[in-house]
Amino acid sequence: MSNFDESLPTQWRYTEAIVDATPDDGIIVSNLGVSSWILSAVEDRDRNYYMKGAMGTTTPLGLGLAVSRDEQVTVLDGDGSLLMSLGSLSTVARQEPSNLIIVVMNNSAFATTGGQPSLANEVDIAAVAADCGFWSADVDSLEAFEKAYQTATGYNGPSLINCTMTTTVPDSYPEPDYAHSYRKHRFRTALEE
Ligand SMILES: Cc1ncc(C[n+]2csc(CCOP(=O)(O)OP(=O)(O)O)c2C)c(N)n1
Ligand SMILES: [Mg+2]
């Protein structure tokens, strides 16, 4: 069941709070579709990596970056995408990166493809993460999110924040103003500096 309760924060507000609280050298990896669209509109940073095409790969990519880099890595995953590769949470827990924060933009839907309901309301994602060995939290307000993100930043191990939000289905899907290959090149270049 999708969530259209407008008293809940929007994904825009959560994303603004993340960009505000992420250090300049922090890496942000965003799920394909709505998460990347919103992140690039909030701030198109060189250290943003926008996933393209493949659901289920955002958290695994974030893990690879976290174990190979010292900077904070924040993953903005979708509920549908994370449910597609739920087993990756156990791999993250085994690797225990202290610089990885997974934020689940949980709209209980496949918003990018029109808002079809996902199974996110039937799975306690934060509890699964905790059972794997994460520090995790469920939030449904910006205040709770900001507090949880601060705790996650200081936590010596992987963390996951499951954000309940109002489901926003875009009327139209904006075309990026430059090619994905350019953004990938820009990201790699930023990490080489
Ligand atoms: C493996 C795979 N299956 C299906 C799709 C088609 N698809 C693209 S985005 C999307 C919905 C993603 O849902 P979620 O991860 O919850 O993110 P949201 O769109 O809600 O932000 C789907 C089904 C895809 N790109 N890759
Ligand atoms: Mg979703």
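**Figure 1. Overall view of the predicted model, with its 8 helices and 8 strands.** The protein in this predicted model holds 8 helices and 8 strands. Its C-alpha trace spans about 45 × 40 × 30 Å along the principal axes. The radius of gyration is 15 Å, which agrees with the value near 16 Å that a compact globule of 193 residues would have. Of the 193 residues, 41% count as buried. Among contacts between residues at least 6 apart in sequence, 73% join residues at least 24 apart.

**Figure 2. The shell around ligand 1.** The view shows the 21 residues around ligand 1, of which Gly78, Gly80, Ser81, Phe110 and Thr112 come nearest. Helix H2 (34–42), helix H4 (79–84) and strand E5 (109–110) are the elements that give two or more residues to this shell. H4 gives the most, with 3 residues. By residue type, the shell around ligand 1 divides into 8 nonpolar, 12 polar and 1 charged.

**Figure 3. The largest nonpolar core and Val104.** This core has 47 residues, and those with the most contacts inside it are Val29, Val103, Val104, Ile161 and Cys163. Strand E4 supplies the largest share of the core, 6 residues. For Val104, neighbours within four places in sequence are left aside; the residues in contact with it are then Asp77, Asp79, Leu82, Ile125, Leu160, Ile161, Asn162 and Cys163. Two of the contacts of Val104, Ile161 and Cys163, are also listed with the residues that have the most contacts inside the core.

**Figure 4. Helix H1 and its buried residues.** Helix H1 covers residues 11–21, and its buried residues are Gln11, Tyr14, Thr15 and Ile18. Seen down the axis of H1, these buried residues fall within an arc of 95°, so they line one face of the helix. The elements that cover the buried residues of H1 include H2, strand E3 (73–78), E4, H7 and E8.

**Figure 5. Helix H5 and the residue that follows it.** In helix H5 (residues 88–95), the buried residues are Ser88, Leu89 and Val92. They lie within an arc of 105° when seen down the axis of H5, so they line one face of the helix. The buried residues of H5 pack against helix H3 (58–68), strand E4 (100–106) and helix H6 (125–132). H5 is followed by Glu96, which is found in the loop between H5 and E4. Phi of Glu96 is near 55°, a positive value in a residue other than glycine. Most residues other than glycine have a negative phi. Glu96 counts as partly exposed, with 14 C-beta neighbours inside 10 Å.

**Figure 6. Pro158 in the loop between H7 and E8.** Pro158 lies in the loop between helix H7 (142–154) and strand E8 (159–164). Pro158 is buried because 28 other C-beta atoms lie within 10 Å, where the cut-off for a buried residue is 20 or more. Leaving aside neighbours within four places in sequence, Pro158 is in contact with Val92, Ala93, Glu96, Pro97, Leu100 and Phe134. One of these contacts, Val92, is a buried residue of H5; another, Glu96, follows H5. Val139 is 19 residues from Pro158 along the chain, and the C-alpha atoms of the two are separated by 17 Å.

**Figure 7. Ser108 and Thr113, in the loops on either side of E5.** Ser108 has its place in the loop between E4 and E5. Its phi is positive, about 55°, although Ser108 is not a glycine. Ser108 is buried, with 20 other C-beta atoms within 10 Å. Thr113 lies in the loop between E5 and strand E6 (116–117). Thr113 is partly exposed, with 13 other C-beta atoms within 10 Å. Thr113 and Val169 are 56 residues apart in sequence and, C-alpha to C-alpha, 8.5 Å apart in space.

Definitions and conventions
Residues numbered from 1 in each chain as written. Chains lettered and ligands numbered in written order. Predicted model: local features only at pLDDT ≥ 70, side-chain atom pairs only at ≥ 80, totals over all residues. Near = placed C-beta within 6 Å. Helix = DSSP H or I, 4+ residues; strand = E, 2+ residues; numbered from the N terminus. Nonpolar A, V, L, I, M, F, W, Y, C, P; charged D, E, K, R; others polar. Rg over C-alpha atoms; globule rule 2.2 N^0.38 Å. Buried ≥ 20, exposed ≤ 12 C-beta atoms within 10 Å, placed from the backbone. Contact = placed C-beta atoms within 7 Å. Arc of directions from axis to C-beta. Core = buried A, V, L, I, M, F, W, Y, C linked by C-beta atoms within 7 Å.
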